[in-house]
Amino acid sequence: MAKIKQEIRALSGDEAVAYAVKQADVDVVAAYPITPQTIIVERFSEYVHNGEVDTEFVCVESEHSALSMSLTASATGARVFTASGSAGLALMHEILYVTSGCRAPVVMAITNRALSAPINIHCDHSDSMVERDAGWIQIYVENSQEAYDSILQAFRIAEHQDTLLPVMVMLDAFVLSHTLESVNVLPDNAVQRFVGMRNIPLIQGHQGKPVPFKLDPDNPITMGPLDLYDYYFEHKRQQEEAMEMAPRVISEVHDEYARLSGRNYGDGLIEPYRLDDADLAAVCLGSTAGTTKTVVDHLRKRGVKAGLLRLRTYRPYPTQEIRAALQNVKAVAVMDRSHSFGAHGGPVFHEIRHALYDATIQPHIVNYIYGLGGRDMPPTLIQEIYTSLQRIAKTDQVEKPVQFIGVRE
Amino acid sequence: MASQWKFTTKDLAEKPEILISGHRACAGCGPATVYRQVLKAVRGPTIATNATGCMEVVSTIYPYTAWSIPWIHTAFENVAANAAGIETALKALKKKGRLKQENVDVIAFAGDGGTYDIGIQALSGAAERGHNFLYVLYDNEAYMNTGIQRSGSTPHGAWTTTSPAGRVIPGKPEYKKPIADIMVAHAIPYVATASPAHWRDLMIKARKGIEANGPAFLQVIAPCPRGWRYDISRTIEIARLAVNTCVFPLWEAVDGEYVLSAASKVIALKPDRKIPVRDYLKAQGRFRHLFTPEFEHIIDEIQQIIDRRWKRLLKRCNM
Ligand SMILES: Cc1ncc(C[n+]2csc(CCOP(=O)(O)OP(=O)(O)O)c2C)c(N)n1
Ligand code: SF4
Ligand SMILES: [Mg+2]
């Protein structure tokens with residue numbers, strides 16, 4: 001149903017991200033390299049040095065400065081992109097909150113990588129999961145195609161006047177960042193029509209008149225002032241209001257893009273896979289969903305009513321959609337690729353349980369912590385998860401709600 | 001860098017205040033005076049960014065602001081990166097024909113904590129990359145906003161709340177980091193020191209920094225009556241004493257070439273005009289504990305350090 005002629009390119013996830021940024025008329029890119037995000041920065045440097053973009057590209061001295069620069073460049077009215085992961089994202093932690101608090105619509109790609117110690121360059125979701133409360137929209141992609149598509153959508157979502165929130169797009173280290181895939185790319189002019197120019201909304205200025213929400217000498221405003229107990233809380237409440245608006249914006253942008261490209265990812269928030277009549281459901285994020293879909297197909301052939309729910313948008317958390325998607329299954333296995341030490345389960349597990357607390361019939365919900373530090377998650381292990389779900393559905397008993405899988409214990 | 005601006009008192013009276021009255025700085029606040037003087041020297045449309053610290057806190061509190069130009073604060077340690085972000089965005093927008101103004105200048109303001117200590121990485125990075133902005137360090141020689149704690153700028157022997165005048169350790173044991181020399185070593189086009197007691201010199205330097213084609217760094221001694229423990233009426237007097245004792249000599253380095261500024265040059269030419277450091281220390285309560293038989297030798301030590309640094313500066317200035 002694609003209405004537009006697209007070109008197929010062999011791109012890794014990182015390259016797909018860089019290519020999307022190249023096409024999106026980005027004004028400023030400030031970034032610092034970290035494996036496995038480096039290719040994004042390297043490809044983009046090539047675009048700059050070969051004159052293929054007129055973006056101002058700054059190779060800063062740290063991730064802290066990468067985001068600090070991105071934030072003020074965005075506040076000055078520029079469209080801004082940066083990228084990081086793991087230690088780099090952790091170093092940005094303070095400024096993540098400042099960026100969302102200043103309502104700067106920065107777009108950032110994250111190649112999900114384990115956090116030290118011990119130092120490890122491979123995939124897990126610890127780095128971005130710990131930042132889920134930082135006020136950023138979080139989108140986790142399944143493959144390089146989706147990485148490309150999501151970066152383009154991210155600019156529209158971030159800069160939308162109902163959201164004005166920064167967006168992180170997460171792709172799994174190496175599995176996606178470094179693996180070549182056939183990626184359909186839109187023609188430049190189609191991308192430019194889709195993303196458009198950054199629209200700066202009007203806000204109430206100091207003299208009560210409407211002024212553009214940016215640092216503009218013709219209409220001076222003060223950004224990032226001291227803000228104590230008499231107003232801070234309202235400003236935080238407004239951030240939550242923006243988050244409440246975000247699902248609609250994400251879905252609208254997703255649908256418009258789907259009409260243009262012929263590609264869709266559920267409703268943009270969640271992607272149910274063979275879930276309609278399923279008894280058993282796995283829930284996961286990122287590239288593991290691809291492997292899980294294969295396992296589901298396999299089980300379906302054997303008559304097992306298996307399904308999958310992939311969470312694409314993790315912030316804002318699509319509570320209602322998740323509840324609607326899962327409330328008719330008998331048993332749910334939540335796969336967490338990060339761990340909250342001492343919390344009896346990973347973050348996704350806790351929030352899936354929270355989403356289903358208000359369901360009329362609550363399914364059994366178990367948690368599998370998997371794949372930390374890039375530990376492989378082969379189809380056989382996923383199959384094991386469904387086997388235990390079968391047992392739970394049959395016996396109506398859960399022996400161990402939280403388990404680690406694929407680890408020597 | 002031929003600045004046409006002469007900064008006569010008449011010129012200044014005619015120029016509008018950018019940091020307007022109503023802010024909440026303490027009476028006698030040196031940094032507030034420094035800001036006022038620097039901002040009188042802007043040449044046109046300007047965007048300012050500020051590190052966390054006293055001046056960020058006193059000049060804004062939602063829904064009020066003392067800033068009549070666009071201004072942004074984000075954090076403590078990143079003001080140079082913030083300035084770099086603004087400058088880069090302006091460059092990008094200009095290139096694409098989306099900037100209304102012909103030119104917009106960028107000024108970053110930070111205290112000594114935000115410069116010598118937690119902010120030096122961002123500053124060094126921005127200087128190395130050559131972003132075109134003026135960085136103004138208002139040096140009140142401690143973390144005043146959080147209650148007078150020591151910084152890399154606090155001078156030897158000074159009392160602060162984290163370098164108390166104890167019975168065993170009388171104030172700060174370490175020496176003041178030569179931050180302006182460190183910035184000269186970055187090979188940036190313009191570095192200067194200034195004092196609000198020499199306001200015309202300060203303004204000309206601020207303007208030169210703004211007009212410089214690349215990063216410019218201006219270190220301004222900014223006495224703080226709260227932290228330095230002196231009467232609020234004496235701020236400018238102490239800022240002048242700092243120069244006349246050679247504790248804080250005035251100079252500029254254009255493309256790395258050091259030149260003494262008038263107030264310090266006079267002393268270089270007529271050394272008998274150099275006032276003993278003792279007089280400077282005596283004027284401030286933060287050095288009071290040194291005026292005891294037990295610790296008096298530290299005053300001589302400080303004099304020696306100041307003399308040595310002054311001599312080194314004269315050499316750099318070919319004097
Ligand atoms: C990352 C971080 N660490 C610590 C602080 C607390 N803090 C705020 S202002 C400040 C000291 C500021 O000192 P300086 O830069 O000298 O400015 P002054 O207050 O003296 O004007 C400190 C420690 C902070 N805001 N952020
Ligand atoms: S504490 Fe010192 S620097 Fe801070 S506002 Fe008061 S006088 Fe100014
Ligand atoms: Mg200070």
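Helix 3 of chain A passes helix 4 of chain B in a right-handed crossing, that is, the near helix is turned clockwise from the far one by less than a right angle. The model is predicted, so local features need pLDDT of at least 70 and side-chain atom pairs count only at pLDDT 80 or more, while totals for chains, interfaces and linings use all residues. Residues are numbered from 1 along each chain as its sequence is written, chains are lettered from A in the order in which they are written, and side-chain values use heavy atoms, without hydrogens and water.

Two packed helices are described by the angle between their axes and the distance between the axes. Here helix 3 (residues 63-75) of chain A and helix 4 (residues 79-95) of chain B pack at about 45°, with axes 7 Å apart. Helix 3 of chain A is therefore oblique to helix 4 of chain B. Axes are lines fitted to C-alpha atoms, for helices over the stretch in contact, and angles run from 0 to 180 degrees between N-to-C directions; oblique covers what is left after under 35 (roughly parallel), over 145 (roughly antiparallel) and 65 to 115 (roughly perpendicular). Helices (H or I, at least four residues) and strands (E, at least two) are DSSP runs, numbered from the N terminus.

From helix 3 of chain A, residues including A:Ser65, A:Met69 and A:Ala73 meet residues of helix 4 of chain B, among them B:Ala81, B:Gly85 and B:Ala89. Contact means heavy atoms within 4.5 Å.

Across the whole interface, 44 residues of chain A touch 44 residues of chain B by the contact rule. Together the two chains bury about 3500 Å², 61% of it on carbon and sulfur atoms; buried area is the accessible area (1.4 Å probe) lost when two parts are put together, summed over both.

Ten salt bridges are counted between chain A and chain B, each a side-chain nitrogen of Lys or Arg within 4 Å of a carboxyl oxygen of Asp or Glu. B:Arg98 pairs in this way with A:Asp25, at 2.9 Å between the closest N and O atoms. A:Glu61 and B:Arg129 also form a salt bridge, at 2.9 Å from N to O. This pair joins two chains, because A:Glu61 lies in the loop between strand 3 (56-59) and helix 3 of chain A and B:Arg129 in helix 6 (residues 120-129) of chain B.

Within chain A, A:Glu271 forms a salt bridge with A:Arg310, at 2.8 Å. A:Glu271 is in strand 12 (residues 270-273) and A:Arg310 in strand 14 (residues 306-311), 39 residues apart.
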